[in-house]
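Please open the model in your viewer and keep the selection tool at hand. The tour below goes from one selection to the next and says what is to be found at each stop.

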Amino acid sequence: TSPIYDYKLCYLSLLAFLINQAIGEVVSGTMLTMLSSRRENERDGPTAAATQNKSRHDANQQKLLMTYAAKANMEREQENDGLVILEGCYYIVGGPSLDVTTQIQFWVKDSTLRLPGSSKSRLMGFYNIVPPEQRTTPLSWLRRVLLRSDKDNATPTPELRVRYAYKGQTCEITIGDTEPLHIPNSSAFIMGPSSRVK
């Protein structure tokens with residue numbers, strides 16, 4: 001075959017691919033708009049709210065189960081001037097929050113705390129605090145990408161703030177939902193002596 005024939009073949013293949021992509025975006029964009037509006041209406045119904053209420057209830061039950069061990073753990077840490085969690089708050093800025101002091105103290109072992117670099121909503125005693133109507137579904141994300149929507153529908157991201165006492169100092173650290181947490185932490189803000197700051 002000649003080189004000119006190869007170039008023509010590549011050019012026509014590329015042209016056919018681009019035309020196919022353009023037609024696909026128009027057709028799928030229209031279909032996605034219809035499907036996503038129907039599914040968003042379904043998502044906002046009682047099912048999403050009921051699921052979140054069940055998750056909240058389950059987290060509260062887990063917290064009750066963790067309470068005795070967390071209290072014993074805290075007393076042991078206090079005797080050794082170790083790691084005592086003073087306050088744990090899982091929250092969305094300007095939105096809902098969850099007191100997770102007991103849950104965090106439960107995970108302390110030998111004056112250290114290590115939480116994984118994944119969503120804290122998956123930990124025992126936690127749940128997804130993002131309201132169902134603000135969550136991004138795979139379909140709504142795909143629609144935004146394909147239709148190049150400029151609307152800012154991003155799901156709010158929870159944060160975890162932990163205030164703790166360790167070796168006579170009160171410290172505080174805030175991390176994003178999917179960041180790992182290691183306490184004691186040299187990047188934590190030192191608030192002052194534990195005898196004065198709680």
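Begin by selecting Arg-161 together with Tyr-91: Arg-161 lies over the face of Tyr-91, at 5.2 Å from the ring centre (a charge sits over a ring if NZ of Lys or CZ of Arg is within 6 Å of the ring centre and within 35 degrees of the ring normal). This is a predicted model, in which local features need pLDDT of at least 70 and side-chain atom pairs count only at pLDDT 80 or more, while totals for chains, interfaces and linings use all residues. Residues are numbered from 1 along each chain as its sequence is written, and side-chain values use heavy atoms, with hydrogens and water left out.

Next, turn to the aromatic pairs, of which a search of the whole structure finds two (rings of Phe, Tyr and Trp, the last by its six-membered ring, pair if their centres lie within 6.5 Å; planes under 30 degrees apart count as stacked, over 60 as edge-to-face and the rest as tilted). Select Tyr-90 and Phe-126, whose ring centres are 5.3 Å apart and whose planes stand at 75°, so the pair is edge-to-face. Tyr-90 is in strand β1 (residues 84-91) and Phe-126 in the loop between β3 (113-115) and α4 (138-146), so that the pair links distant parts of the chain, 36 residues apart (helices, H or I of at least four residues, and strands, E of at least two, are DSSP runs numbered from the N terminus). Tyr-90 counts as buried at 0% relative accessibility, and Phe-126 counts as buried at 4% (buried means under 20% relative accessible area, exposed over 50%, partly exposed in between, with a 1.4 Å probe and protein chains only).

Finally, select Phe-106 and Trp-107, an edge-to-face aromatic pair with 5.1 Å centre to centre and 90° between the planes; Phe-106 is partly exposed at 25% relative accessible area, and Trp-107 is partly exposed at 35%.
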